[in-house]
Amino acid sequence: MADTLTIIDNRTGKQYELAITDGTIRALDLRQIKADAEDFGLMAYDPAYMNTASCRSAITLIDGDKGILRYRGYPIEQLAEHSTFQEVAYLLLKGELPSEGEYKAWVNEITHHTYVHEYVNRAMDGFLYDAHMMGKLVTFLAALSTFYPKSKAVRDARTRDEHIVKIIAKMPTLAAWCFRHSTGRPYIYPDNSLSYCGNFLNMLFRMGEPKYDPDPVLERALDVLFILHADHEQNCSASAARAVGSSESDPYCSLAAAAAALYGPLHGGANEAVLRMLKQIGSVKNIPSFIEGCKDGSQRLMGFGHRVYKNYDPRAKIIKELAHQVFAVTGKNPYLDIALELEKIALDDEYFIKRKLYPNVDFYSGLIYQAMGFPVEMFPVLFAIPRAAGWLAQWQEMLVDPEQRIARPRQVYIGADVRDYVAIDKRGAGSAS
Ligand code: CMC
């Protein structure tokens with residue numbers, strides 16, 4: 001059987017044969033299908049990219065029906081159990097797990113680029129004391145572009161490598177300083193003798209002690225959370241990184257755009273929204289009325305549902321398990337009982353079953369973050385740190401793909417036909433929508 005699609009255009013009676021490759025047809029192949037010689041040619045209309053592959057990618061695989069997530073072929077469960085975030089970042093960016101020597105060199109390089117320019121520290125004071133931490137992170141990611149103008153040479157592989165390391169190294173420092181600024185505490189400089197997450201905890205929480213000693217359970221839990229959040233193929237923020245990067249913006253600006261996309265409550269802001277929701281529900285007895293509100297469309301059950309997963313999000317399973325390990329150290333998050341009951345009721349409810357709405361990565365991650373002492377404004381920031389590795393891998397893959405061009409979707413114009421300008425004194429009021 002030939003891998004082709006036969007299309008008959010009933011407007012003209014003409015027949016076309018389109019090649020099918022990897023389960024897709026080329027949207028550009030549709031352009032030959034014209035109603036008449038003047039016709040622009042057929043396009044695919046796909047708001048929100050519900051069924052459009054925007055790239056060929058070898059980084060992350062999600063099988064949403066089966067609840068599968070793999071980075072470069074490795075199941076997320078195995079990486080969460082055996083790997084470290086820095087190793088996963090290497091894997092995402094370079095395609096293979098590093099040898100021992102490669103890993104040491106990679107960690108060493110990242111460790112020695114953790115400091116940020118002192119002007120970041122000064123610029124931070126320009127923000128209001130209650131500025132959202134994610135707003136600050138987005139700003140400083142873009143601001144780093146001005147410190148590293150040479151990063152604009154995005155077609156040069158060595159330049160890309162240099163700034164990829166800088167970004168992965170500096171994300172925890174920027175994130176920790178956004179947090180310290182909000183809490184009115186002095187900035188803590190990186191401690192190169194600690195691990196990636198140990199040092200991050202140090203920059204977040206160290207006070208008077210001369211040397212910070214991270215709790216090993218919390219250090220590992222954070223590392224696992226970072227592994228789980230490192231990439232998720234063509235989601236809203238990765239697509240933003242690719243789209244902005246496709247105009248050859250430098251990696252700092254491309255990642256600032258990605259972080260801005262992540263900020264929204266339907267994406268990385270969802271774990272923050274979950275905590276606000278649990279607080280609003282307040283008690284297990286209020287769950288049934290809350291669920292009714294979700295079903296009549298007046299609110300959403302945050303942390304549930306996913307564009308791709310139509311099964312339990314594999315990351316949510318790992319995080320639920322991790323939560324118990326963290327709570328053994330920090331004490332149980334008081335919202336856990338509400339979350340568990342909410343999940344139980346929703347998974348049993350016809351509305352959620354029919355729409356295949358299951359807990360996603362954000363449902364339990366916020367509970368862990370809160371138990372570790374993070375305010376909700378810090379949650380999307382904690383998502384952004386590891387996701388930077390994924391954004392960079394996606395950004396780089398886009399740049400080296402010879403098929404990619406500047407991202408520029410088409411539209412179906414539905415506006416007014418040509419008309420003549422009307423002087424202001426001749427116009428009626430209230431005609432604009
Ligand atoms: N609560 C109640 N109903 C929901 C929910 C929800 N969380 N999610 C989807 N639905 C309903 C929706 O109302 C619609 O119902 P109907 O067919 O009757 O109109 C149906 O399910 C399909 O929803 P959709 O909005 O068309 O689905 P989508 O693929 O456009 O949206 C989503 C995906 C993640 C934006 C959505 O499920 C949602 O808003 N979830 C809550 C926010 C959240 O947890 N986001 C984090 C996503 S995971 C982190 C990440 O990867 O970014």
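Two strands count as paired if DSSP finds at least two bridges between them; strands (E, at least two residues) and helices (H or I, at least four) are DSSP runs, numbered from the N terminus. The model is predicted, so local features need pLDDT of at least 70 and side-chain atom pairs count only at pLDDT 80 or more, while totals for chains, interfaces and linings use all residues. Residues are numbered from 1 along each chain as its sequence is written, and side-chain values use heavy atoms, leaving out hydrogens and water.

Strand S4 (residues 68–71) pairs with S5 in the antiparallel sense over two bridges. Tyrosine 71 has tyrosine 74, in S5, as its bridge partner. The open sheet is made of three strands, ordered S3-S4-S5, with antiparallel pairing. Strands S3 (60–63) and S5 (74–75) are at the edges with a single partner strand each, so one side of each lacks a neighbour in the sheet.

Helix H3 covers residues 100–111. Its buried residues (under 20% relative accessible area, 1.4 Å probe, protein chains only) are Trp106, Ile110 and Thr111. These lie on the same side of H3, because they cover an arc of only 130° around the axis, taken from the directions from the helix axis to the C-beta atoms. Their cover includes helix H2 (85–94), helix H6 (157–182) and helix H7 (196–205).

The structure holds zero disulfides, a disulfide being a pair of cysteine sulfur atoms within 2.5 Å. The sulfur of cysteine 253 is 16 Å from the closest cysteine sulfur, that of cysteine 178, which is too far for a bond. Cysteine 178 is buried, at 0% relative accessible area. Cysteine 253, at 28%, is partly exposed, the class between buried and exposed (over 50%).

Technical notes
The expected span of a helix is 1.5 Å times one less than its number of residues. Contact means heavy atoms within 4.5 Å.
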